[in-house]
Amino acid sequence: MVCIRKATIDDLLAMQTCNHLCLAENFQMKYYLYHILSWPQLLYVADDNNGHIVGYVLAKVEEESNECHGHITSLAVLRTHRKLGLATKLMNAAQNAMVQVFGAEYVSLHVRKSNRAAFNLYAETLGYKIHDVEAKYYADGEDAYDMRKKLKGKQIHHHPDHGRHVHGHHHEHGGGCCSSAEAEAKVSGKKETKAT
Amino acid sequence: MGASLPPKEANLFKLIVKSYETKQYKKGLKAADSILKKFPDHGETLAMKGLTLNCMDRKSEAYELVRQGLKNDLKSHVCWHVYGLLYRSDREYREAIKCYRNALRIDPDNIEILRDLSLLQAQMRDLTGFVETRQQLLSLKPNHRMNWIGFAVAHHLNSNASKAVEILEAYEGTLEDDHPPDNERCEHGEMLLYKISLLEECGFLERALAELHKKESKIVDKLDCKEQEVSLLLKLGRLEEGEKLLRALLFMNPDNYRYYEGLQKCVGLYSENSHFSPDEIDRLDALYKSLGQQYQWSSAVKRIPLDFLQGDRFQEAAENYIRPLVTKGVPSLFSDLSPLYDHPCKVDILEQLMLKLEHSIRTTSQYPGRAEKEPPSTLMWSLFLLAQHHDRRGHYDIALSKINEAIEHTPTVIDLYSAKSRILKHAGDLAAAAALADEARCMDLADRYINSDCVKRMLQADQVALAEKTAVLFTKDGDQHNNLHDMQCMWYELASGESYFRQGDLGRALKKFLAVEKHYADITEDQFDFHSYCLRKMTLRAYVEMLRFQDRLHSHAYFHKAAAGAIRCYLKLYDSPPKSTAEEDDDMSKLLPSQKKKMRQKQRKAEARAKKEAEEKHEESSAAGASKSGKRHVKPVDPDPHGEKLLKIEDPLLEATKYLKLLQKNSPDSLETHLLSFELNMRKQKILLAFQAVKQLLRLDAEHPDSHRCLIKFFHKARSMATPMTDTEKLVWSVLEAERPTISQLHEKSLTEGNEIFLERFKDSLLHRAAVAEMLYVLEPDRKLEAIRLIEESTNNMVPKKGALGPVRGWKLKDCIEVHKLLGTVLDDNEASLRWKVRCAECFPYSTYFEGSCSSAVPNSAYNQIRKSSENGSADHLEGGETADSLASNGRLEAFKDLTICP
């Protein structure tokens, strides 16, 4: 039984472990702290009620440019917990908070060109569009799609059920997306927080 | 600053400071040198030059210069401030605080120094000092928002939440009515929520709620605002309003269990232990049925009723819940159901249900009572579910036959191999489990999760070298071959540390355990930058929570494991210090020729491996040197990659004491903490500390076999001590004399009697019998045979259970291994230990440890027969212990490296 809720500070170590298990792009603890201490509203976890974090989304808001927008730093769901629609639920929760709290115009993310499962989740289930291709974005030289989705103008309190059609569709197609959907690699946890 | 200098030099001095701030160290150094040419003794310049050099990795010169500068100008706050900054950069916060305080004595209102001091005080949790400094900052600059907030937070941290509220309200009093401007709305909203949470913390619930309603329009984070309101309403007993709000929250997120819990509280249907009367169950059932209609997309609303329903209604609900998930092939279904296994009646119902579904699908391709045909995959998923059920119940043979059937049915589903690997692990065949996990891994090389799963199994099977080679397929980071350590991948470091420890490689084990310890020190350090950051960002609730999290950081499970692991290494190191080469040669000569040959082979292998590793390292570093980015981010080479230096430590017990203190402070309720304290203090001859450990063990769990062991061993040792001579010895003696009667397990009884009574109470438990036997032998070595008999007369009682598939045996594999080791080491009886092994091999036919007939340890086991005929290349993993070499030599791994596409 998986509970979708906002992450607390006490979840961060488990989120880091979940990230290590699932994804090749990892971060040091300071980067998680940076996120939760900057945008506490944008971190969500899937908690299996047995003390395990089985999925999370880590997101932020870029305020520097003239247009405020959200960015998905990292999203992961354990392979053992696929086909439950967790990735979709986590993403919807983070996106809603981006609009509601920060008035974000759009949300962006990076995904490996080769990661079809994650790409399908973003493109088909969640409505992201390819905005650009970033050559050699990842440490191993792979390109990334820079994907974006418009947020404003959408209903603020987006009801999860509204996504049902697309969602069901996603599931009928195997739903493999949730396992290694991830975003943004370059930071790799070495990025210094802006705090000094 | 630089006041005593003529104008030209004074300007140069400003340049040094500016260059330091903008990290243009070379420029700063040049400026410093030109001042020093004319004024070689100028203190502040010397100090600033030192600080600059510190940033250029010239530490010893830096300290020398700063100290020289200070000596030349003791009255300069700049020199003291610089000295403080130097200490701060080395994380010597206590020294840094002293320096700042000296600086402030000279220049009490220096805002920069006050601010730096306040950061250190927050970091060191010098809370009274923090409040004082923050107060001073506020009185110096009351027009800065940050100073108000900082003062309030300081009081809050210093356990004065109501004062913090007063300060925030005073701050609000300074604001215009139209505050906040658009660009500060988020921050202001956060401040308001912080204030409301402070009011709640003080118990001013009505005030908090009134404030929340009054300021609602200015609170940007509506979700948190609602959650805060619910919390207040529930505490105030205003349940109807709470219910309304919770329903609104559920509308936004119908998968948050806490909302359901809150809703149940509001309608008077909540119970801590889920015990409900039949009437309450009816009402709950009705509630969830209506919620289920509203939130069809919610998984929670479907799952929760399984927790409270009983009997036939449970069966019906479980069936309706399970069917569509089996059809859909949800791999986590079993783990979702597993909390229900705490209730034996529900387990039986689930078992019947799963068997019924399997039978129906198998014979008719339909669920019972349904007309539609199920797709073929439904049979496979129902077998998958049943296999996990039997695994949980300890019926490993049935579990394996179910999972094998599922694999035969659809050989392409990776989850089946992972499940089989897990069953084999539980059954005790670690090598086969690793091989299966590797097979799963090879089916999708781009999925790190199955890679991690495989690495975990390899480490459990003590194939560390192979595990590392497998793990690093995902850990390339630019030029870096392996970033597991840099990225704080602690589960891996712990698991490999434990494997090294099992294999007796204490150096490498320590290396890994201490690495984890280091990560925790770094995380503690991480908070430093946020002390000022959060005051600016106004994420005050998260900030305070973060500080509290940091205060209990070392109670986290990973740290506990790492510290316990390190202590065990040091104890072992103390018990058997590493031998010098001469001694090793001596040992060799005592061996039989065949053993010698084996030893030499092992050594040669190890040498070859080391050589290969060194070559790889070399290649890496030269590759890094030629990196195209030219940033030359060459990591310093670890001078002790195998932890050999760690083994040469002079006083292992002293090292162990460091980590024990952390455990005692942060995990005082863990049995393990006090077991380790007992072991350590007995070795250190710290009798009273060892006695403290015994008392803690009795407090936590007097019935635990290890608590019993420590109790008996302690008083046995105390009895054998020489008559006290010195005053200290006499004191210790008198404390023990006074304390012993207070221990209910002993009272006036002899130790042997205490041991017998313990046996009488727990005579049906294997581990308790083993503890009693061990203590019997410790107390009276000539009763060794009796002790061994006590163990051998243990019976593997059936746990009564009326299910369809027979009873479950009571012994656990792990416990039997422990007993086997006891027979072989402490009791030191080869024959008894062999008899035990034979007996356990029968109970645990899949156990490699006991060489059970079905395990991969037996060459002709059914398992190995299948493996041999299998075409899958992974089979060779099983042959021989050191699989890494075989893998590397046949080139497969190299091939994988090229093939692997990271996700």
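Leaving out residues up to four places away in sequence, B:Glu211 touches B:Glu169, B:Glu172, B:Lys195, B:Ile196 and B:Leu199, where contact means heavy atoms within 4.5 Å. B:Glu211 belongs to helix H12 (residues 205-215) of chain B; helices (H or I, at least four residues) and strands (E, at least two) are DSSP runs, numbered from the N terminus. With a relative accessible area of 9%, B:Glu211 is buried, a class that means under 20% relative accessible area, with exposed over 50% and partly exposed in between (1.4 Å probe, protein chains only).

This is a predicted model, in which local features need pLDDT of at least 70 and side-chain atom pairs count only at pLDDT 80 or more, while totals for chains, interfaces and linings use all residues. Residues are numbered from 1 along each chain as its sequence is written, chains are lettered from A and ligands numbered from 1 in the order in which they are written, and side-chain values use heavy atoms, with hydrogens and water left out.

## Salt bridges

Over all chains the count comes to 74 salt bridges, each being a side-chain nitrogen of Lys or Arg within 4 Å of a carboxyl oxygen of Asp or Glu. One of them pairs the side chains of B:Glu525 and B:Arg91 at 3.6 Å, N to O, and this pair links distant parts of the chain, with B:Glu525 in helix H29 (residues 506-526) of chain B and B:Arg91 in the loop between H5 and helix H6 (93-106), 434 residues apart. B:Glu525 counts as buried at 17% relative accessibility, whereas B:Arg91 is partly exposed at 43%.

A pair within one helix is formed by B:Arg283 and B:Asp279, whose side chains meet in a salt bridge at 3.9 Å, N to O; because they are four residues apart in helix H16 (residues 278-294) of chain B, about one helical turn separates them. B:Arg283 is partly exposed at 39% relative accessibility, and B:Asp279 is partly exposed at 45%. In a further salt bridge, the closest N and O atoms of B:Lys763 and B:Glu760 are 3.6 Å apart, with B:Lys763 partly exposed at 40% and B:Glu760 exposed at 53%. Salt bridges that share partners also join B:Glu169, B:Glu172, B:Lys195, B:Arg207, B:Glu211 and B:Lys215 into one network.

## The interface of chains A and B

The contact between the chains takes 74 residues from chain B and 68 residues from chain A. Together the two chains bury about 6,300 Å², 56% of it on carbon and sulfur atoms; buried area here is the accessible area (1.4 Å probe) that two parts lose on being put together, summed over both.

Six salt bridges are found across this interface, including the one in which the side chains of A:Lys30 and B:Asp529 meet at 2.6 Å, N to O. The residues on the side of chain B that touches chain A divide into 34 nonpolar, 17 polar and 23 charged, where Ala, Val, Leu, Ile, Met, Phe, Trp, Tyr, Cys and Pro count as nonpolar, Asp, Glu, Lys and Arg as charged, and the others, Gly among them, as polar.

## Chain A: fold and cysteines

The secondary structure of chain A comes to five helices and seven strands, which follow the pattern β-α-α-β-β-β-α-β-α-β-β-α along the sequence. Buried residues make up 69% of the 196 residues in chain A, and among contacts between residues at least 6 apart in sequence, 70% join residues at least 24 apart. In helix H1 (residues 12-22) of chain A, 10 of the 11 residues are buried, so this helix is largely enclosed by the rest of the structure.

The count of disulfides over all chains is zero, a disulfide being a pair of cysteine sulfur atoms within 2.5 Å. For A:Cys18, the nearest cysteine sulfur is that of A:Cys22, 4.5 Å away, and A:Cys18 counts as buried at 2% relative accessibility. For B:Cys489, the nearest cysteine sulfur is likewise that of A:Cys22, 12 Å away, and B:Cys489 is buried at 1% relative accessibility.

## Two further buried residues of chain B

B:Tyr83 lies in helix H5 (residues 77-89) of chain B and is buried, with a relative accessible area of 10%. Apart from neighbours up to four places away in sequence, B:Tyr83 touches B:Tyr63, B:Val66, B:Arg67, B:Leu70 and B:Cys99.

B:Thr133, in helix H8 (residues 127-140) of chain B, counts as buried at 3% relative accessibility. A polar atom of the B:Thr133 side chain lies 2.9 Å from the backbone oxygen of B:Gly129.

Conventions. A polar contact is a pair of N or O atoms within 3.5 Å; within protein, one must be able to donate a hydrogen and the other to accept it, and residues adjacent in sequence count only if both atoms are side-chain atoms.
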